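Please read them with the structure open.

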Amino acid sequence: MEYGREALSQELILEQLKKLFLQRGYPEESLQIKNQFFFSCKGLSFEIELPLIVRAEKTLLIVNYHPSIGGLSSFERPLLAIARIFFDPLPYFALLTNLQTFVCIEVYPQMVSRGEPDIIPPYEVLLSYTPPFVKPFKREFEEKILALHLSGG
């Protein structure tokens, strides 16, 4: 998927993500589009939107889009904070993309893969996935990371 420098509409982003996951064998009923979350920390309030969540009996994978051309690395940690703050149990994977580059984070051990759409785990793998271990975290710390990111600081 090659796009120019102009900003993509939210509808096009959602359409492309849905199409990508359907092409990779994900059932349409597992895809939740345009998910909103609200977050407050130290008097600041934020609205967060995840364009796609994959669910079966639980949340398996969350997807966030960022138009960054220079790289997605600085958005990896905030996405992990989103997974830890808003989901219990944690999703197995978190995916970050600009629709050209993909970063897949295995949430429990915090292992990161980068590349093309083929790094997206197959749906069958998600269904049978067992986290190797749970890395402990402090919710207060995750909230500070997310608030700092969302406030631009």
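1. Asn35 has Leu50 of strand S2 as its bridge partner. Helices (H or I, at least four residues) and strands (E, at least two) are DSSP runs, numbered from the N terminus. Two strands count as paired if DSSP finds at least two bridges between them. Strands S1 and S2 run antiparallel and are joined by ten bridges. Another position facing S2 is Leu31, which stands opposite Val54.

2. On the basis of the model: it is predicted, local features need pLDDT of at least 70, side-chain atom pairs count only at pLDDT 80 or more, and totals for chains, interfaces and linings use all residues. Residues are numbered from 1 along each chain as its sequence is written, and side-chain values use heavy atoms, with hydrogens and water left out.

3. S1 and S2 form a hairpin with two residues between them. Lys42, in that turn, has a positive phi of about 50°. A hairpin of three residues joins S2 to S3, and these two strands pair in the antiparallel sense over four bridges. In S3, Ile62 is the bridge partner of Ile53.

4. Helix H1 covers residues 10-23, which is 14 residues. From first C-alpha to last, H1 reaches 20 Å, close to the 20 Å expected at 1.5 Å a residue; the expected span is 1.5 Å times one less than the number of residues. Just after H1, Gly25 takes a positive phi of about 95°.

5. Which residues of H1 are buried? They are Ile13, Leu14, Gln16, Leu17, Leu20 and Phe21. They lie on the same side of H1 because they cover an arc of only 165° around the axis, the arc being that of the directions from the helix axis to the C-beta atoms. Glu11 and Gln23, on the other side of H1, are exposed. Buried means under 20% relative accessible area, exposed over 50%, and partly exposed in between (1.4 Å probe, protein chains only). The cover over the buried residues of H1 includes strands S1 (31-41), S2 (44-55), S3 (59-65), S4 (93-97) and S5 (102-106).

6. Ile120 sits in the loop between strand S6 (111-115) and helix H3 (123-128). Is Ile120 buried or exposed? Ile120 counts as buried, at 0% relative accessibility. Leaving aside neighbours within four places in sequence, Ile120 is in contact (heavy atoms within 4.5 Å) with Leu20, Phe21, Arg24, Tyr26, Leu95 and Phe102. The C-alpha atoms of Ile120 and Phe93 are separated by 9.1 Å, with the two residues 27 apart along the chain.

7. Asn64 lies in strand S3 and is buried, with a relative accessible area of 17%. Beyond neighbours within four places in sequence, the contacts of Asn64 are Glu49, Leu50, Pro51, Leu79, Leu95, Leu96 and Thr97.
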